[in-house]
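Student: I have a structure open on my screen and would like to learn how to read it. Could you take me through some features, one at a time?
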Amino acid sequence: MKIWSGSASPESSNDAYKIMLEKDIAVDKELIPYELLSLMAYNLNIYKNGLANNSETRETLKELISLYNREIILNPDLEDVHGNIENMAINETHGASKNMRMFLSRNEQVHTDVNFFLIDTLLEYEKIIYSTLLELQKVKQNGIMPGYTHYRQGMPVTFQTYIDFFKNIFVYNFKNIDKVLNELKEMPLGYGSGFGTMSDVNFSEVAGYMGMEKNIKNPLFSFMLYTDNYNKVLSVINSFLIDISRIFQDLIIFSGDEMKIIELPAGYVTGSSLMPNKVNPDFLEIFQGYASKSISIMNLIYSGTVNKTTGYHRDFQVLKDEIIPFMVELKGILNGFPVLFSGIKFNAETAKKITGNSIYATYNSKLNFIENKDWKSSYRITGDMIRSGKELKSYMPDDITTYSDFNFIKNMLNNNIFSIEKGKKTILKLVNDAVSY
């Protein structure tokens with residue numbers, strides 16, 4: 001039985017509509033634990049406040065705990081995770097769970113499930129970033145290398161300063177991700193379909209059970225965060241992936257035949273199907289493709305929501321069906337980062353050989369300025385030296401070390417882990433306590 005059975009809408013089969021639902025039901029398997037947790041919290045409040053038959057609500061809570069602890073296969077004929085869980089609970093309790101989702105809309109349920117999913121997935125990204133930072137701390141090689149602008153040598157930089165740049169990129173993006181992760185803790189349950197709820201449940205208490213918050217009062221605004229959250233999450237992911245894709249472009253060039261100042265670790269390069277001399281940076285290039293894919297999903301969000309009214313629209317389902325699989329897949333790819341970045345080898349001798357004479361031009365202009373106190377003249381003198389083929393005075397740039405450790409990242413990560421796990425453990429304990437006496 002579909003969750004909307006008994007409404008004014010007639011029921012009939014439609015094979016074309018089933019095709020639309022196939023991907024949705026496949027994606028919804030990622031939401032099963034979150035659906036169960038939110039239903040536990042909702043029904044616990046019903047039970048505590050006596051809003052329905054208490055013996056039936058206790059049976060519902062028992063069944064939700066049981067479902068949480070076993071594998072669930074979703075039936076496509078029931079459209080989504082919500083219909084599947086409701087049907088399982090009603091059947092297993094012989095009808096006692098008929099009020100399990102009273103006054104709940106599918107909109108607020110999927111929004112809540114997705115928030116839970118996004119929080120957990122962003123937490124996994126944070127774990128990977130922290131692991132990568134620890135591995136970067138182990139990279140101790142040093143030497144001088146050319147810095148490039150416009151694909152031309154500009155000024156020299158040390159390899160350790162370049163590694164420190166990687167660390168800054170990861171810290172910066174960790175903080176961006178962390179900000180969004182914590183904003184997702186605003187619990188959607190309680191806005192109905194966007195126009196308010198008829199439920200007498202205390203949604204602030206429900207949020208508290210789950211370690212979430214309930215601060216927003218306006219139901220229309222609360223609903224609007226459904227697509228806005230997608231925007232925020234994809235924005236920080238895109239920023240991260242774009243930053244990394246630019247680093248990877250460096251590494252692709254630096255590890256090529258023309259330079260070979262960097263060697264990529266085994267497992268991140270492949271051979272050619274025809275040319276046995278090739279060592280191809282396939283992992284880096286495919287990752288750049290995923291960065292482009294992430295941007296395209298962002299465009300899907302924009303085009304899927306622009307010019308829509310403020311209410312819910314079923315085509316928003318397509319957004320969920322693209323974002324969730326992408327984020328799951330991306331997590332597996334990011335897991336390769338710690339080994340990749342710790343396995344980068346720097347060839348200091350080769351880097352020194354390809355560092356051209358003119359790369360020291362700015363330094364020599366400074367030396368000339370110290371002598372004559374005329375910048376334009378100093379700049380011109382250096383240009384004349386380069387054109388006449390004179391050797392410029394070289395120098396060794398200082399190493400830039402921004403971070404001595406990453407305990408502050410560890411603390412942020414541990415706080416998130418504790419908070420998120422505490423929320424799950426709390427609701428499970430509260431439900432177990434309610435049904436075990």
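Tutor: Let's start with a term: contact means heavy atoms within 4.5 Å. Here Phe341 touches Thr132, Leu136, Val139, Phe166, Phe170, Ile247 and Phe248, leaving aside residues up to four places away in sequence. Before we go on, note that this is a predicted model, where local features need pLDDT of at least 70 and side-chain atom pairs count only at pLDDT 80 or more, while totals for chains, interfaces and linings use all residues. Residues are numbered from 1 along each chain as its sequence is written, and side-chain values use heavy atoms, with hydrogens and water left out.

Student: Which residues have the most contacts inside the largest nonpolar core?

Tutor: A nonpolar core is a set of buried Ala, Val, Leu, Ile, Met, Phe, Trp, Tyr and Cys residues joined through side-chain atoms within 4.5 Å. Buried means under 20% relative accessible area, exposed over 50%, and partly exposed in between (1.4 Å probe, protein chains only). The largest core here has 116 residues, and Phe248, Phe337 and Phe341 have the most contacts inside it. Helix H8 (residues 219–254) gives the most to this core, with 15 residues. Apart from it lies another core of six residues, including Ile359 and Met385.

Student: How are helices and strands picked out?

Tutor: They are DSSP runs, numbered from the N terminus: helices are H or I with at least four residues, strands are E with at least two. Take H5 (residues 106–136), a helix of 31 residues. The expected span of a helix is 1.5 Å times one less than its number of residues. H5 reaches 45 Å from its first C-alpha to its last, close to the 45 Å expected. Of its 31 residues, 25 are buried.

Student: And how many aromatic pairs are there?

Tutor: Rings of Phe, Tyr and Trp (its six-membered ring) pair if their centres lie within 6.5 Å; planes under 30 degrees apart count as stacked, over 60 as edge-to-face and the rest as tilted. The count comes to 31 aromatic pairs. One of them, Phe159 with Phe346, is stacked, at 4.3 Å centre to centre and 5° between the planes. This pair links distant parts of the chain, 187 residues apart: Phe159 is in helix H6 and Phe346 in strand E4.

Student: Why does Phe159 count as buried?

Tutor: Because its relative accessibility is 0%.
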